[in-house]
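These notebook entries record what I looked up about strand pairing and helix packing. I began with the sheet as a whole and then turned to single strands.

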Amino acid sequence: MTNGKSAGAWAAENAGGTISGTGAAIGYDKNGREISYPFTGRSRHKRHQELIAWSIEGGILQANIAHKNAGGKGRIRINFLKMAGGAQYVMKGILAGTRLSNGRNMIHAVTMGAGLPTEMDAQNCADEAVYLDPIISGGMALKVLLNRTFRKWQGRYVDIIGAVVYEDPWLAGGHNGITSRENPDIAEDPYERVKGLRRIMNDNGMENVTIVMAGGVWYLRDWEHWLENADIGPIAFQIGTREMLAKENPATDEWKRLILSMKEGDVVLNKFSPTGFYSSAYNNGLIQKLYQRSQRQMPYAKQKDENMTAHIENTVGKPQYYVADENKRMADTWIAEGFDVVLRTPDNTLIFVTAEDAREIKQDKKDCVGCLANCKLSGWSQDPQKKYSTGKLPDPRVFCIRKRLLGAIQGQDLDKNLIFTGHNAYKSRDDPFYRDRNGAPFIPTVRQLIERLMTGN
């Protein structure tokens with residue numbers, strides 16, 4: 001989570017600072033916390049159009065703040081989620097609005113993850129003389145990009161690709177790129193994966209293009225063997241979780257204190273995001289509730305048949321559902337415990353929730369603003385040819401990501417909102433750098449953090 005202030009602080013130290021370009025803040029309240037976009041549209045499509053407009057305004061504002069704070073030093077980057085609603089239009093609008101009078105741009109590079117960039121994304125960057133640095137989780141994704149998105153730049157990829165960001169699926173916080181070919185429960189060695197990535201880059205004339213290692217980077221001493229290593233080539237490191245523990249980062253003090261209290265294993269890889277991607281988040285009350293909700297699940301039929309013979313008493317609505325005899329006792333137990341509202345999932349199963357949770361799920365779907373290109377919770381699609389619908393049954397096993405992220409950013413109950421962070425966050429708990437002489441929490445400035453990082457610690 002970054003904005004213009006934090007990105008500018010990193011650039012001012014001759015590093016690369018990154019702005020979050022998805023839902024960038026348009027302003028702050030008297031306490032310095034991000035204000036919500038003032039949606040007025042009565043339909044999802046109209047709110048989606050407002051979202052694009054506000055996101056462009058916020059992105060331009062944050063880029064200007066970063067550019068001013070950088071003082072001509074370092075590099076300003078902006079990150080977009082490909083799966084974000086209207087990402088292509090938001091990116092194009094922000095880049096057009098950050099063009100300088102000398103023909104250059106305040107922004108030096110666009111990074112894009114949670115989905116692969118398209119040829120149009122690449123062209124938008126090329127039109128503004130801005131690099132497009134793809135975020136990938138392995139060599140296969142890069143091969144797809146080179147053969148599809150960047151095919152018109154074949155033989156001269158360096159004209160558009162400034163760096164390749166390798167985001168490790170098992171170490172990085174937030175969304176990641178675990179594929180169906182990989183086991184989310186068995187982490188693979190990042191060194192071997194990056195070494196394979198470098199071979200692909202070398203085969204395509206990208207020997208001098210830097211790989212940015214993202215995920216799990218806490219102490220640089222742990223990565224010393226990557227430096228001046230022919231197998232790895234030019235390498236840089238992205239600091240995510242430690243960046244959140246800097247004074248300039250917009251995370252609330254409560255959020256920073258929470259990171260400082262985390263223990264090993266507190267960050268879990270899960271698939272509750274409405275994007276359909278795996279993501280890593282702090283295992284708080286929200287995530288635990290989603291795990292428990294998915295466990296209260298069983299196959300069903302609308303009509304009695306030879307396998308589904310036991311009737312379920314649903315307290316809301318008229319639909320009748322039937323489950324297998326062996327599941328009936330468990331269903332009755334859940335209902336007796338207060339999980340007496342039955343909701344269908346796209347996988348032909350039922351989940352059992354409380355009436356309060358059912359109302360919240362219904363309200364979240366109603367309030368949808370189209371913040372994703374396709375949303376599993378609301379069934380929204382930004383594609384007009386699909387009539388703005390995924391055509392699939394909304395999935396009550398996931399959550400409204402915009403509501404839960406914004407809630408955390410605005411300082412609401414952190415146990416009920418989404419806390420994206422890397423798996424090495426627990427290292428801050430015993431790191432003496434984050435304690436003052438009296439043992440109280442210490443939050444450094446970006447300059448102090450960089451000075452510390454350069455020692456290897």
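I examined a predicted model. I found an open sheet of seven strands with parallel pairing, in the order β1-β2-β3-β4-β5-β7-β8. I identified the edge strands as β1 (16-20) and β8, each of which pairs on one side only. I noted that the twist averages 25° from one strand to the next.

I looked up the pairing of β1 with strand β2 (residues 75-81) and found five bridges in the parallel sense. I recorded Arg 77 in β2 as the bridge partner of Thr 18. I then turned to helix α1 (residues 4-12), which packs on the sheet and touches β1 and β2. The direction of α1 makes about 170° with that of β1.

I asked how many of the five residues of β7 (residues 210-214) are buried. The count is four of five, and I therefore describe the strand as mostly covered, taking buried as under 20% relative accessible area. With strand β5 (residues 163-167), β7 pairs in the parallel sense over five bridges. Here I recorded Met 213 in β7 as the bridge partner of Tyr 166. With strand β8 (residues 235-238), β7 pairs in the parallel sense over four bridges. Here I recorded Ala 236 in β8 as the bridge partner of Val 212.

Terms used
Residues numbered from 1 in each chain as written. Predicted model: local features only at pLDDT ≥ 70, side-chain atom pairs only at ≥ 80, totals over all residues. Heavy atoms only, no water. Buried < 20%, exposed > 50% of the residue type's maximum accessible area, 1.4 Å probe, protein only. Helix = DSSP H or I, 4+ residues; strand = E, 2+ residues; numbered from the N terminus. Pairing = 2+ DSSP bridges. Axes fitted to C-alpha atoms, helices over the stretch in contact; angles between N-to-C directions. Contact = heavy atoms within 4.5 Å.
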